[in-house]
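Keep the sequence and the 3D view open while reading.

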Amino acid sequence: MDSKMTMPELESYLWDSAVLLRNHIDAGSYKQYIFPLLFFKRLNDVYEEETRKAVEENGEEAADWEEIHRYKLPVGAHWDDVRNVSESVGKAIVKAFRALEKANSEKLSGIFGDGTWTNKNRLPDRLLKDLLEHFSKYTLSLENCPEDELGQGYEYLVKKFADDSGHTAQEFYTNRTVVHLMTEMLKPKPGESIYDPTCGSAGMLISAVAYLKAQQKKWRNVSLYGQEFNALTCAIGRMNLFLHGIEDFHIAGGNTLEEPAFIENGKLQQFDMIVANPPYSINQWNRKAFESDKYGRNILGVPPQSRADYAFFQHILASMKQKTGRCAILFPHGVLFRNEEKEMREKLVRSDWVDAVIGLGPNLFYNSPMEACIVICRTKKPDAHRGHVLFINAVNEVTRKNAQSNLEPQHIERIATSYEKYKSEDGFAKKVSIREIEKNDFSLNISLYVQATTDENVQETRTVEECYADWKKSSLEMRKSYERLNELLKD
């Protein structure tokens, strides 16, 4: 179909492709097959659109001009080449993927992942043919499906996978309303370098570009950088950026703590703006190596083996530019007050890097009722901010729907405006001096400084079933924490 797609059509089209896989593979594996096929179809259709337009303007000879394309589509690796195969379809798909990666090694190397396409027990030819025919229903050219719209459709699919597969999708999906808040507070600028050390599907980087677009500012001169440990998620992030029409990006694989990807002259590359949602409180990390880190990231100290939060924190601090560096990090509340990290937290506060701490409401994260916080740091604070930290208790700034919470535009505006004003506001925000924080033994626990007011008119909107589900989740989380504590005590 060659007509311009509406968003509902696009969303239905994308989700129906996943429905075809039901009863064949686990929901958590949908992304391994749907995203590469979607990306392949997009590459093919944009390439053919470029060829058609060049021929219309310059004649048939333009069909062979390489300079009219942003990438190469090798002979035998076009969509119809694969679509017309009747046997060993998975083998044909893999062959086309590898040909595309090889022909565009600088941009697309490894981007299609390593899905088990040739496993006929899991993906029989009939199923793959159905998938190919389904994707052939629409032409995914720029004319029919502009970059922003396809990008939005892609984000919709990422969210649906998170909803459908539960915990298996959390690794690459962060509630987008929280991401938009972080971007709104940091306010990216044209020409800046923006970095996410644990980038997942690159949603935070895309949010920064979306902010500039909404402000009608230049965005193509922004340089995006990210690193992601999970190889498949890393590939998804690169596809996501490409499908949003972003070309100046550098997404690397690997372990950010053990092998940071962006190094200049033996030192960490530094960036103007950093956004991150690091994995929470992991205990499987190389603490010994961090003790003598060759990049000097242990500026505050060495975190305990049981929690790497402050390792990621220090990596981010060390990656900020000296004059323009700023970051927004999504953390569990424990980083604000845990005793085992007290000495590092004291150095952090005394350094006057911490600009603001924002407490968020519950249920903003998939399959978890936990509350999180955003910590904002700057290497060079505005004069009015120096020697202070702004605490914002935004626990009530959420809207709950279908057992999931979100920040509405009015919530984001209130929090971001409060941060921009950087003044105390009864029951919501308080500007606190470092001296006062010192009196509290350098705890950054938000409730010590500002108590959220309770609106007695707010009614509980959850069903009994949702309340029970939340209670059950909380109980499981508490049980896991208790078991973990017992293990630590035994050690």
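Which residues in α1 meet which residues in α2? Leu14, Trp15, Ser17 and Ala18 in α1 meet Tyr30, Ile34 and Leu38 in α2. This is a predicted model, in which local features need pLDDT of at least 70 and side-chain atom pairs count only at pLDDT 80 or more, while totals for chains, interfaces and linings use all residues. Residues are numbered from 1 along each chain as its sequence is written, and side-chain values use heavy atoms, with hydrogens and water left out.

**Helices α1 and α2**
- Helix α1 covers residues 7-19, and its axis comes within 10 Å of that of α2, crossing at roughly 135°. Helices (H or I, at least four residues) and strands (E, at least two) are DSSP runs numbered from the N terminus.
- Axes are lines fitted to C-alpha atoms, for helices over the stretch in contact, and angles run from 0 to 180 degrees between N-to-C directions.
- α1 and α2 are therefore oblique to each other. Angles under 35 degrees count as roughly parallel, over 145 as roughly antiparallel, 65 to 115 as roughly perpendicular and the rest as oblique.
- The residues of this contact (heavy atoms within 4.5 Å) divide into six nonpolar, one polar and no charged. Ala, Val, Leu, Ile, Met, Phe, Trp, Tyr, Cys and Pro count as nonpolar, Asp, Glu, Lys and Arg as charged, and the others, Gly among them, as polar.

**Helices α2 and α6**
- Helix α2 (residues 30-58) packs with helix α6 (residues 125-135) at an angle of about 45°, and their axes are 11 Å apart.
- α2 and α6 are therefore oblique to each other.
- From α2, the contact involves Ile34, Leu37, Leu38 and Lys41; from α6, it involves Leu131, Leu132 and Phe135.
- Six of these contact residues are nonpolar, none is polar and one is charged.

**Helices α8 and α14**
- The axes of α8 (residues 176-186) and α14 (residues 409-421) come within 9 Å and cross at roughly 25°. That makes α8 roughly parallel to α14.
- Thr177, His180, Leu181, Glu184 and Met185 of α8 make the contact with Ile412, Ile415, Ala416 and Tyr419 of α14.
- The contact residues here are six nonpolar, two polar and one charged.

**Helix α13**
- Met344, Arg345, Leu348 and Val349 of α13 (residues 342-350) are buried, meaning under 20% relative accessible area with a 1.4 Å probe, protein chains only.
- What covers these buried residues includes α12 (309-318), β8 (354-360) and α15 (434-439).
- Just after α13, Asp352 takes a positive phi of about 65°.

Key:
Buried means under 20% relative accessible area, exposed over 50%, partly exposed in between (1.4 Å probe, protein chains only).
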